[in-house]
Structure formats: structure tokens, C-alpha cells
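Thanks for passing this one along. Here are my notes as numbered points, to be read with the model open beside you.

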Amino acid sequence: QGDLQAELKLSDEEDLLGKELLDIQINTQNAAAERQKHDEETTKRRYINEGLARFSELTHARYDQISKLTDAFIKELVKYLDAIQGGIFLYSNTDKEELDLTSSFAYDRKKYLSKKVVIGEGLVGTCALEKKPVFLTEIPPDYISITSGLGDAPPNNILLLPMLQEDNLTGVIELASLNAFQEHQVEFAKQVANNLANTLSSTK
């Protein structure tokens with residue numbers, strides 16, 4: 001009946017059939033575990049590959065303004081990662097020591113916010129300075145300024161990704177979720193963040 005954990009008891013030490021059944025059970029359990037692991041790995045690879053294809057189409061679409069591209073990108077990224085908030089910070093046009101919040105999306109709506117971050121200050125600034133992802137499961141008090149207004153629980157997982165073209169920083173992507181980001185989701189997000197950096201560089 002498919003219950004691989006069913007308990008099998010030997011009638012005595014001479015129960016050869018019972019011993020054979022125990023061996024079959026162990027082998028079947030091992031095979032099922034390997035099959036499940038393979039299926040999970042296949043699902044993760046499909047998630048990454050389908051996501052990369054989807055965002056490749058998005059970044060290669062024609063936008064007459066960079067803000068329109070980043071608006072579309074962060075909206076789709078928040079949804080694809082099953083997050084609830086996201087923002088894209090790009091270098092200020094006038095100051096390479098600052099990042100401007102170019103696009104933000106939260107609770108299924110584009111947000112019109114204005115925010116500047118100094119390189120090296122705060123979580124976003126630190127991510128920009130070190131050019132390394134930042135993943136937090138304990139968020140500092142008052143870190144999240146966007147709320148749904150409907151009493152929804154605030155996000156408790158933050159993922160910050162540097163947008164790199166080779167080793168040159170273009171900006172930082174900030175994502176917030178109620179659920180912990182899985183390893184394959186982080187790997188996918190890192191790749192599309194750098195793809196966006198390359199697109200923005202060529203667009204500029």
C-alpha cells in the first residue's frame with residue numbers, strides 16, 4: 001500500500017522470509033529517498049532555468065526609461081520569489097557615494113518612495129561596499145517602513161543582493177519575505193541581479 005515505514009517483525013531467528021522482506025524494505029526506502037532527492041534537484045533546476053528565461057525576456061524588452069525597466073523587474077522578482085516587498089537601489093546620478101531607491105514594490109502595488117543610502121552605511125550600504133549578499137532572519141527594529149495597512153504580519157527575512165557587472169557595482173536589490181529564502185532561490189536571485197546590472201550598463 002506504499003507505506004515504506006510499515007513495521008516488520010521476525011517470527012524467530014530462522015525467519016528467512018522475514019529477513020528477506022526487511023532487506024527489501026531497506027532497499028526500497030533507500031531508492032525512494034534517492035528518487036525524492038533527484039526530483040527535488042530537478043524542480044530546483046527547473047525553477048532557476050525558467051526564471052532566468054522569464055527575466056531574460058523582461059530585461060531585453062525595450063524601455064524608454066531605466067525606471068520603467070527597474071519597476072517591471074522588481075515587481076516580477078518579488079512575485080517570482082514569493083516575497084512581499086522589494087526595492088532597487090542605483091547609484092545617484094550626481095554622487096557615486098550614494099544610492100537612490102529607484103523602484104519599489106510591496107503588497108502587490110508599486111510604491112512611490114524616496115530614499116537615499118550612503119555607501120557603507122546601514123544594511124544596503126554595507127552590501128554595496130562589500131559587494132556580497134546579505135541574508136537576515138532577524139530584522140532590526142523599524143527596518144521595514146512599508147506596511148500593507150491591513151494588519152498583515154511584517155516580513156522577517158531580508159535578502160540584499162549587489163548588482164555586479166564583473167566586479168563593478170551598479171546597485172543593490174533589497175527583498176523582504178515572510179518565509180526564509182531557499183538556497184536555490186538565492187542562487188537564482190544572484191544571477192538575475194547581475195543580469196540586470198549588465199542590462200542597465202548597456203542601456204545607459
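1. The chain has 4 helices and 7 strands in its secondary structure. Here helices (H or I, at least four residues) and strands (E, at least two) are DSSP runs, numbered from the N terminus. Read from the N terminus, the order of elements is α-α-β-β-β-β-α-β-β-β-α.

2. A word on the ground rules: this is a predicted model, in which local features need pLDDT of at least 70 and side-chain atom pairs count only at pLDDT 80 or more, while totals for chains, interfaces and linings use all residues. Residues are numbered from 1 along each chain as its sequence is written, and side-chain values use heavy atoms, with hydrogens and water left out.

3. Of the 204 residues in the chain, 37% count as buried. Buried means under 20% relative accessible area, exposed over 50%, and partly exposed in between (1.4 Å probe, protein chains only). Contact means heavy atoms within 4.5 Å. Among contacts between residues at least 6 apart in sequence, 54% join residues at least 24 apart.

4. Next, the interior. A nonpolar core is a set of buried Ala, Val, Leu, Ile, Met, Phe, Trp, Tyr and Cys residues joined through side-chain atoms within 4.5 Å. The largest such core holds 29 residues, and the members that touch the most others are Phe73, Leu77, Met163, Ile173, Leu175 and Phe188. Two or more residues each come from helix 1 (16-59), helix 2 (66-80), strand 1 (85-91), strand 6 (157-165), strand 7 (168-177) and helix 4 (183-203). Helix 4 gives the largest share, 8 residues. Another core, of 16 residues, lies apart from this one and includes Ile119, Ala128, Val134 and Val172.

5. Not counting residues up to four places away in sequence, Leu175 touches Ile74, Leu77, Val78, Leu81, Gln85, Gly86, Asn157, Ile158, Leu159, Leu161 and Phe181.

6. How do helix 2 and helix 4 cross, and within what distance do their axes come? The two axes come within 12 Å and cross at roughly 170°. Axes are lines fitted to C-alpha atoms, for helices over the stretch in contact, and angles run from 0 to 180 degrees between N-to-C directions. Helix 2 and helix 4 are therefore roughly antiparallel to each other. On this scale, angles under 35 degrees count as roughly parallel, over 145 as roughly antiparallel, 65 to 115 as roughly perpendicular and the rest as oblique.

7. From helix 2, Ile66, Leu69, Thr70, Phe73, Leu77 and Tyr80 meet Phe188, Val192, Leu196, Thr199, Leu200 and Thr203 of helix 4. Sorted by class, the contact has 9 nonpolar, 3 polar and no charged residues. For these classes, Ala, Val, Leu, Ile, Met, Phe, Trp, Tyr, Cys and Pro count as nonpolar, Asp, Glu, Lys and Arg as charged, and the others, Gly among them, as polar. Thr199 counts as buried, at 11% relative accessibility. Leaving aside neighbours within four places in sequence, Thr199 is in contact with Thr59 and Leu69.

8. Now the strands, where two strands pair if DSSP finds at least two bridges between them. Strand 1 is mostly covered, with 7 of its 7 residues buried. Strand 1 runs antiparallel to strand 2 (residues 98-106), joined by 7 bridges, and Gln85 has Ala106 in strand 2 as its bridge partner. Strand 1 also pairs with strand 7 in the antiparallel sense over 6 bridges, with Ile88 partnered by Ile173.

9. Strand 2 is mostly covered as well, 7 of its 9 residues being buried. Strand 2 and strand 4 (residues 116-118) run antiparallel and are joined by 3 bridges. Glu98 has Val118 in strand 4 as its bridge partner.

10. Asp82, in the loop between helix 2 and strand 1, has phi near 60°, a positive value in a residue other than glycine. Asp82 counts as exposed, at 53% relative accessibility. Lys131, in the loop between helix 3 (122-130) and strand 5 (134-136), has phi near 55°, again positive in a residue other than glycine. At 30% relative accessibility, Lys131 counts as partly exposed.
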